[in-house]
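Me: I have just opened this one and would like to go through it piece by piece. Please take me through it slowly.

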Amino acid sequence: MKDLLNTYENKAPEIVFHWNDPETEAEGWTVINSLRGGAAGGGTRMREGLDMNEVLSLAKTMEVKFTVSGPSIGGAKSGINFNPKDPRKKGVLERWYAAVSPLLKSYYGTGGDLNVDEIHEVIPITEESGVWHPQEGVFEGHFKPTAADKINRIGQLRHGVIKVIENPKYSPDVTKKYTVADMITGFGVAEAARHFYEIHNEPIVGKRAIVQGFGNVGAAAAFYLAQMGAKIVGIIDRVGGLINEEGFTFEDVRNMYLSKNGNTLGNNNLIPFDEMNEKVWSLQAEVFAPCAASRLITKNQIDQLISTGLEVISCGANVPFADKEIFFGPIMEHTDNKVSLIPDFISNCGMARVFAYFMERKVQMTDDAIFEDTSETIKKALQNLNEINPSKTKISASAFEIALKQLI
């Protein structure tokens, strides 16, 4: 596996598009790792301090993810080095998408990512640049549909991603009009843990869980984990956290979701971050869902969790460990050898799978059909993994081997 990984990591990307904004200090990159299957896909992120290497590593991560979620295309990513809170953000995005629109019309599909919203920013701004849909390039390069079929499938994709969830099974509150895009990634993180336990003939009911991060992914993961009977004992967010060693009730967690302050935990009784960061890693928990930023988790934190009974990690964040390597650094390898580490490209593939689902010809547009499709995709990936490696350790190493054999 390591030889495959080394070959894959060191292979130069096919296309690197570099942009300097003429009106601000913003700088951006689109990295297309390969045009496997005639196209490539990956979202657009914005943060201060971002560089091309970060975008490259994310593009390679997307390519691995597509081996699970489909379609069979290359990985790509866009990144803009700019403060997302700057009032000039909208103008930066408008000029960025105007510059990258030829790629988006030909062979590259994008979406939302860190600090860039799919529904309120990506879709309307790309439309202004003459792109029918941010995924138009994937249709054009990979699916090569007729003009009529392209219109129908883009319409299906457009409506599906922003579909308001009507089934209370999948929404914290149907009156609040949460969309598929709001909930699907966190749903997949929770489902990955549930399916893993079921494959090993254990229920997730009663398992204690810690969730790191309370943005869209972490909050949704906590909601679905609590709904399926896991006990959320700790939530740590950048503003602080909450602990209940007996486990918060489902209603508690639902209320936390509904009282979110943007992408942070909204609660008057928050334990300050520094105090929370000392306490949370020594809590007794079987399940850990890292859903905050990439490259945060240290070896010491993991070892503390393992010492108190950690069994399964279901990754909501891409590359959650504080390794410098693109994929499989020493902290990740150490963790993979000790506990059941479900890799990010399986557990957080929900949004990529939704895109793939709606790109197919005539699919069902019900909440059940959409969410069950993601659940079944994750279940199938874990079952295939179990056939190759039926043990509870070295899960990620085996998953990478399966994926990389399709890419090299």
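Me: Which residues of α5 are buried?

Reply: In α5 the buried residues are Glu136, Gly137, Val138, Phe139 and Gly141, where buried means under 20% relative accessible area, exposed means over 50%, and partly exposed is in between (1.4 Å probe, protein chains only). Helices (H or I, at least four residues) and strands (E, at least two) are DSSP runs, numbered from the N terminus. Please keep in mind that this is a predicted model, in which local features need pLDDT of at least 70 and side-chain atom pairs count only at pLDDT 80 or more, while totals for chains, interfaces and linings use all residues. Residues are numbered from 1 along each chain as its sequence is written, and side-chain values use heavy atoms, with hydrogens and water left out.

Me: OK, and what covers those buried residues of α5?

Reply: The cover for the buried residues of α5 includes the strands β3 (40-41) and β6 (108-109), together with the helices α3 (89-106), α6 (147-161) and α14; contact here means heavy atoms within 4.5 Å.

Me: What is the phi of Lys144, the residue that follows α5?

Reply: Lys144, which comes after α5, has a positive phi, near 45 degrees.

Me: How many residues apart are Phe139 and Phe143 in the helix?

Reply: Phe139 and Phe143 are 4 residues apart in helix α5 (residues 136-143), so about one helical turn separates them. Phe139 is buried, at 0% relative accessibility, whereas Phe143 is partly exposed, with a relative accessible area of 24%.

Me: And which residues do ring pairs link into a cluster?

Reply: Ring pairs link Tyr170, Tyr178, Phe187, Phe223, Tyr224, Phe250, Tyr257 and Phe371 into a cluster.

Me: Go on, then: at what angle do α7 and α8 pack?

Reply: Helix α7 (residues 180-199) and helix α8 (residues 216-227) pack at an angle of about 50 degrees, and their axes are 7 Å apart. Axes are lines fitted to C-alpha atoms, for helices over the stretch in contact, and angles run from 0 to 180 degrees between N-to-C directions. On the α7 side, Phe187 is among the residues that meet α8, as are Met183 and Val189, while the residues on the α8 side include Phe223, Tyr224 and Leu225.

Me: Where do the axes of α7 and α14 come in, I mean at what angle do they cross?

Reply: The axes of α7 and α14 cross at roughly 125 degrees and come within 7 Å. Val180, Ala181, Ile184 and Thr185 of α7 make this contact with Gly350, Met351 and Val354 of α14.

Me: Which residues does Ile119 touch, leaving out those up to four places away in sequence?

Reply: Ile119, which is found in helix α4 (residues 118-128), touches Pro124, Ile162, Thr179 and Ala181 once residues up to four places away in sequence are not counted. Ile119 counts as partly exposed, at 24% relative accessibility.

Me: Is Val319 buried or exposed?

Reply: Val319 is buried, at 7% relative accessibility, and its place is in the loop between β11 (312-314) and α12 (330-338). Its phi is near 45 degrees, a positive value in a residue other than glycine.

Me: What about Lys362, buried or exposed?

Reply: Lys362 is exposed, with a relative accessible area of 82%, and sits in the loop between α14 (350-359) and α15 (367-388). Lys362 also has a positive phi, near 35 degrees, and is likewise a residue other than glycine.

Me: Last one: where does Lys11 lie?

Reply: Lys11 lies in the loop between α1 (2-10) and β1 (15-20), and at 57% relative accessibility Lys11 counts as exposed. Leaving aside neighbours within four places in sequence, Lys11 is in contact with Asn33 and Lys60.

Technical notes. Phe/Tyr/Trp six-rings, centres within 6.5 Å; stacked < 30°, edge-to-face > 60°.
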